[in-house]
Amino acid sequence: TIQYDLTLNDEAIKFGKSFLDKEFSPSASHSFIGVHPGSTQSPAALAKRWPLDRFLKTIALLTEENFRVIIFLGPD
């Protein structure tokens with residue numbers, strides 16, 4: 001079993017709340033979804049990683065359905 005643990009500091013939480021309040025108003029008529037196109041650099045993860053064009057097509061479909069999309073990126 002894989003267990004994930006993510007602890008955010010106060011500065012990150014404040015930034016996240018401010019960003020969401022500014023960009024994704026609760027009164028807006030759309031929903032939002034987060035997408036993370038990366039993975040680790042392990043050979044198994046790289047073999048399972050979607051090509052970028054699939055992410056682009058998926059994001060395009062979501063935006064056509066009035067979703068706002070947040071893309072999460074990291075070093076990998």
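H36 sits in the loop that links strand 1 (31-35) and helix 2 (43-48); helices (H or I, at least four residues) and strands (E, at least two) are DSSP runs, numbered from the N terminus. The model is predicted: local features need pLDDT of at least 70, side-chain atom pairs count only at pLDDT 80 or more, and totals for chains, interfaces and linings use all residues. Residues are numbered from 1 along each chain as its sequence is written, and side-chain values use heavy atoms, with hydrogens and water left out.

H36 and F72 are 36 residues apart in sequence, yet their C-alpha atoms are 4.8 Å apart in space.

Two residues are partly exposed, a class between buried (under 20% relative accessible area) and exposed (over 50%), computed with a 1.4 Å probe and protein chains only.

| Residue | Place | Relative accessible area |

In helix 3 (residues 52-64), F55, I59 and L62 are buried. They lie on the same side of helix 3, because they cover an arc of only 60° around the axis, taken from the directions from the helix axis to the C-beta atoms. An α-helix has 3.6 residues a turn, so residues three or four places apart point the same way. The buried residues of helix 3 pack against strand 1 and strand 2 (67-71), where contact means heavy atoms within 4.5 Å. L56, K57, L61 and E64 are exposed on the face turned away from that buried side. Just after helix 3, N66 has a positive phi of about 75°.

Conventions. The expected span of a helix is 1.5 Å times one less than its number of residues.
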